[in-house]
Amino acid sequence: MGDCMQSMTSKIFMATLRMIFHSPLSDSSKLSDNAAKLTKDKKSRYKPSKNFTYTKHSIEDVKYEKIINENCNTEKVILMIHGGGFKIELNDFYRKLAEKYSDMFCGATVINADYGRFPEHQLPSQMHDVVKIYLHLLDEGINNSDIIVIGDSAGATLAMTSSLWFRDNNYPLPGHIVCFSLWADATSSGDSKITNAYTDPFYGIAKHKKVEDNLHLLRRISKYVLNVDRTDPYISPLFGSFEKFPKVTLICGTAELDESDSDRVYDKMKNANIDVELYKFEGMCHCFQLFSFLPESKKAYKLVKARILEDTK
């Protein structure tokens, strides 16, 4: 497990985010709902960059997109699972991010999972959507050890839950799982829900507020898990076992409410003798790596690249 010091740029940026989102005008409980409204049915303006081709596909009514790099120099395939609280549509931001991943990893082909969104699609249907895409890749002749599954936030949850499903149902697991800001505990029982109450810019609280008066916010139960067993490992991977898991890389910030989700999953994996690394970035928020101008974002991707390229030696 490695800790990464915070840059001055990110200190200023995190303070600015807290000033905005901890204000009386902001309601953290509606952040994912508001983001979902912004992306719902939004027309794509994405045009593949030079050397990339982009196609849309479906398997058993589950949509996915394929981005192929003409400069491909690897058998590796990236299965990318976007975040957004299970509510946000696959959008142009993630299509451009797919190109970035491809360039990072020797021109690897990227499969963008376009799973069903809540509330039209209830959990754990999203996991089964990812399962169908992955099994289709195996049917196409792609070696499971060549598949790298990368997810952020809710996408990281699906990376973990789908891998649990593969293991439990005797299917070959991917070669590597990468999780940014893993959401692993739908019961909201982690210590960081309290210890990071004032540091998390998106879901925390302002310093003048008392933690004990805001537990309904800090330990809130998300709408999409109200009617399911929140200790089901296919909902909350923290409650699963990780025996026989492949190589795993976890990245999180020490300012996010869900920091302890990554901590506890890491501890369980180490106890199961899994090849796992957890990189924690001091003072950083949920999915900080998506802010590509931050030095920490660049370092996070550099660490992930190094871990993945170990597999190609």
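A disulfide is a pair of cysteine sulfur atoms within 2.5 Å. With that cut-off, a search of the whole structure finds 0 disulfides. The model is predicted, so local features need pLDDT of at least 70 and side-chain atom pairs count only at pLDDT 80 or more, while totals for chains, interfaces and linings use all residues. Residues are numbered from 1 along each chain as its sequence is written, and side-chain values use heavy atoms, with hydrogens and water left out.

**Cysteines**

Select Cys-4, which is in no disulfide; the nearest cysteine sulfur belongs to Cys-252 and is 10 Å away. Cys-4 has a relative accessible area of 5% and is buried (under 20% relative accessible area; exposed is over 50% and partly exposed in between, with a 1.4 Å probe and protein chains only). Select Cys-72 next: its sulfur lies 8.5 Å from the closest cysteine sulfur, in Cys-106, which is too far for a bond. Cys-72 is partly exposed, at 36% relative accessibility.

**Aromatic rings**

Now display the aromatic side chains. The structure holds 19 aromatic pairs; rings of Phe, Tyr and Trp (its six-membered ring) pair if their centres lie within 6.5 Å, and planes under 30 degrees apart count as stacked, over 60 as edge-to-face and the rest as tilted.

Select Phe-86 and Trp-183, an edge-to-face pair with 6.0 Å centre to centre and 70° between the planes. Phe-86 lies in the loop between strand S4 (77–81) and helix H3 (92–104), and Trp-183 in the loop between strand S7 (176–180) and helix H6 (192–195), so the pair ties together parts that are 97 residues apart in sequence. Helices (H or I, at least four residues) and strands (E, at least two) are DSSP runs, numbered from the N terminus. Both Phe-86 and Trp-183 are buried.

Tyr-224 lies in the loop between helix H7 (215–218) and strand S8 (247–253), so its pair with Trp-183 ties together parts that are 41 residues apart in sequence. Tyr-224 is buried.

**Nonpolar cores**

A nonpolar core is a set of buried Ala, Val, Leu, Ile, Met, Phe, Trp, Tyr and Cys residues joined through side-chain atoms within 4.5 Å. The largest has 53 residues, and those with the most contacts inside it include Leu-79, Leu-250 and Met-269. Another core, of 35 residues, lies apart from it, with Tyr-46, Leu-97, Ile-251 and Ile-308 among them.
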